[in-house]
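Colleague: I would like a close look at one part of this model, with the cut-offs stated. Please tell me what pairs with what, and what packs where.

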Protein chains: 2
Amino acid sequence: MSASTARPPFKQAPHKLLVSPPLDGHDSIPGPIEVADEVLYANAHPSMSHVSPDFIPVFGDSIRMVREVLFTKDAQPFLISGSGTLGWDQVAANLVEPGEEALVLHSGYFGDSFAECLETYGASVTQIKAPIGGTVPFESIAAALQEKKYKIITFTHVDTSTGVLSDAARIAETVRRVSPDTLIVMDAVCSVASEEIRFDDWGLDVVLTASQKGLGAPPGLSILAASQKAIGVWEERKKRGVREGSYYASWGKWLPIMKAYESGSAAYFATPPVNLIYAFHASLSLILARTSPSVPSIAKRFELHRAASQRIKSAASSLGLSQVPLAASEAANGMTALYFPEGVGASDLLPRLVGKGVVVAGGAA
Amino acid sequence: MSASTARPPFKQAPHKLLVSPPLDGHDSIPGPIEVADEVLYANAHPSMSHVSPDFIPVFGDSIRMVREVLFTKDAQPFLISGSGTLGWDQVAANLVEPGEEALVLHSGYFGDSFAECLETYGASVTQIKAPIGGTVPFESIAAALQEKKYKIITFTHVDTSTGVLSDAARIAETVRRVSPDTLIVMDAVCSVASEEIRFDDWGLDVVLTASQKGLGAPPGLSILAASQKAIGVWEERKKRGVREGSYYASWGKWLPIMKAYESGSAAYFATPPVNLIYAFHASLSLILARTSPSVPSIAKRFELHRAASQRIKSAASSLGLSQVPLAASEAANGMTALYFPEGVGASDLLPRLVGKGVVVAGGAA
């Protein structure tokens, strides 16, 4: 068993363990996860110019493969040098205008942070907080959307601090039904490529993530996909002369770059993280490799994640450890968040786990 | 001879060649440059948690070594996942409040971009433009500073689009004399570790750069150093309750992280680019390795750059090629910008150079 580092550490003394199942023979922690050798070799690729003919298709293919991982036909990926957090800035600076309303569903630590980011760029934010280990009830979401017009709604697919998995399909369905104009933004830093995401089928507008978790590459790449509807909202804003709130995170700067590389030519705004894109390309190629003519391995991957997760959760349960998620159906498959046993503290347990080669990280809440 | 890619390409057809001298047995292009094997190996370091005891001193030492490269005792480095461009956002979002005045000295393409970034965050920008290949006269700088109170002045140490080297010491001296409160911000993306920079002696307030040029690591790290005076200006703004204009580029978020890692403990805001910091650490260690007890190799490095640059510039001159910089004393030592010979176009010359294994990039102006 290997385990997790998540996005730690937080202010409080940890009272949860975060555990992640090993997969496909690799150790795995929620992030940065252990990276396959092929991916590390690619990260050591001799330096290439970002405009060289060798690099252009690597970048272009990576953009296309992000679509494939998310099961979307025409969403627009953005691959930008930065941490996953930069995805929040992209949403806040490009989609929400100062004074506009944003609804943030809170199922752990990262709801608060996304809310703070939105407020930095001038959004008016309302949070609905679930109890620790829970999710916001669909009726509360519907009621909030009926009460006020929101430009966007955000939620965390898997909140690393609680291990809670939100039902993205049903949240999206609720929003579409009650407030069809509201853009649906999913923070999927801890879920892309370890939990199934059906971007088009579910009707999502933004999925944002990072390279170092389920996508299996080193950290340093902010990855975001925006629906054509979201791009349209941004374009309409641009037409009205409302500038983006950020320079580095501006879609006005990055959209032409993404389109150029995907169409096979180079363009420049800021130097892309060339080596990391080679590594990301290698990891995407592993994730999307087809194991049989009809079964893409990404489907198998989700299955393996579910099975490995079940084994860990059963073992934890037989040891008397309880999970942070209140409902088994809302527990993530890419990681496991457990409470310490009654009466046992970090100083007792952690050294013993380390002695057995188990890496654990403190939780947030 | 190897050559340059700079921050290309730009809209216009190239009418300049950008050439960079090889150094220390490694090929070298202005960015991303060729990277030493030791640095590439470090970039392939097995994945480590950003809070692991192994990684913490690597990050801490990198912060300390940035100070050493810049010859500063107490400036505050920020190492953040991102392109060099993110340094502009840091300056614009943390130091300049909406409506405040910024003076931008323009010695090439990157002056315009920095000005646009500052305006995005609400600054009121005045640019003084030098003729192509020239720098802004010191009297014009003094006159502008006498006429209006500026919160910051920015200039590009080496503008990759023109190969022009600004006299940073004398610009800083001029500002200190005429307008001592104005913060002096130097874009040194294309100069750190290839041109000498004396942060404290010259009295600079911000030096911003990136990993993939003179610092010899792969791209993906925004590196900035701020004087204690600049930090004080930012702190005073914070005390007045004026929020930073960015979330991801907020010093309020990053300062505690930098201080924690430097003091030997981990802290979390956004996942750092762990592998790249291992690589950056390896490159800084090479740059700062002492060749004799009394001579640090960084001094030798500047010397080698100057000598290699002189050889290329002499050879170009004997071929009848003229340099873009109007004055020899204002030509960069880390790269060379040349005009095409009269009557010879890119389509004639470039394939012949490629055939000889010479990489060249089009210029900007």
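Modeller: Angles under 35 degrees count as roughly parallel, over 145 as roughly antiparallel, 65 to 115 as roughly perpendicular and the rest as oblique. The model is predicted: local features need pLDDT of at least 70, side-chain atom pairs need 80 or more, totals for chains, interfaces and linings use all residues, and side-chain values use heavy atoms, without hydrogens and water. Residues are numbered from 1 along each chain as written, with chains lettered from A and ligands numbered from 1 in written order.

First, a helix pair in chain A. Helix α10 (residues 274–288) and helix α11 (residues 297–318) of chain A have axes that come within 6 Å and cross at roughly 85°. Therefore α10(A) and α11(A) are roughly perpendicular to each other. On the α10(A) side the contact is made by A:Leu286, A:Ile287 and A:Leu288. On the α11(A) side it is made by A:Ser297, A:Ile298 and A:Arg301. Helices here are DSSP runs of H or I, at least four residues, and strands are runs of E, at least two, numbered from the N terminus. Axes are lines fitted to C-alpha atoms, for helices over the stretch in contact; angles run from 0 to 180 degrees between N-to-C directions.

Chain A holds twelve helices and twelve strands. Of its 365 residues, 63% are buried (under 20% relative accessible area; exposed is over 50%, partly exposed in between; 1.4 Å probe, protein chains only). Take the chain A contacts (heavy atoms within 4.5 Å) with a separation of 6 or more: residues 24 or more positions apart account for 70% of them.

Seven strands of chain A form an open sheet with mixed pairing. The order is β2-β10-β9-β8-β5-β3-β4. Its edge strands are β2 (76–81) and β4 (124–129) of chain A, and each pairs on one side only. Two strands pair if DSSP finds at least two bridges between them. Direction ignored, neighbouring strands of this sheet are turned by 20° against each other on average.

A:Asp112 is found in helix α4 (residues 109–120) of chain A. It counts as partly exposed, at 31% relative accessibility. Leave aside its neighbours within four places in sequence: A:Asp112 is then in contact with A:His106, A:Gln127 and A:Lys129. A:Gln127 is 15 residues from A:Asp112 in sequence and 8.2 Å from it in space, C-alpha to C-alpha.

Chain B next. Its open sheet of seven strands has the order β2-β10-β9-β8-β5-β3-β4, and the pairing is mixed. β2 (76–81) and β4 (124–129) of chain B each have a single partner strand, so one side of each edge strand is left without a neighbour in the sheet. From one strand to the next the twist averages 20°.

Two helices pack on this sheet. Helix α3 (residues 85–94) of chain B touches β2, β5, β8 (183–187), β9 (206–210) and β10 (221–226) of chain B. Its direction makes about 40° with that of β10(B). Helix α6 (residues 168–178) of chain B touches β3, β5 and β8 of chain B. Its direction makes about 160° with that of β8(B).

Three bridges join it to β5(B) (residues 152–156), and the two run parallel. B:Ala102 has B:Ile152 as its bridge partner in β5(B). Six bridges join β3(B) to β4(B), again parallel. B:His106 stands opposite B:Lys129 in β4(B). All six residues of β3(B) are buried, so the strand is largely enclosed by the rest of the structure. One face carries B:Glu101, B:Leu103 and B:Leu105; the other carries B:Ala102, B:Val104 and B:His106. Both faces are covered.

Last, a helix pair in chain B. Helix α2 (residues 55–69) and helix α9 (residues 251–262) of chain B pack at about 105°, axes 7 Å apart. That makes α2(B) roughly perpendicular to α9(B). The contact residues of α2(B) are B:Phe55, B:Ile56, B:Phe59, B:Gly60, B:Ile63, B:Arg64 and B:Arg67. Those of α9(B) are B:Met258, B:Tyr261 and B:Glu262.
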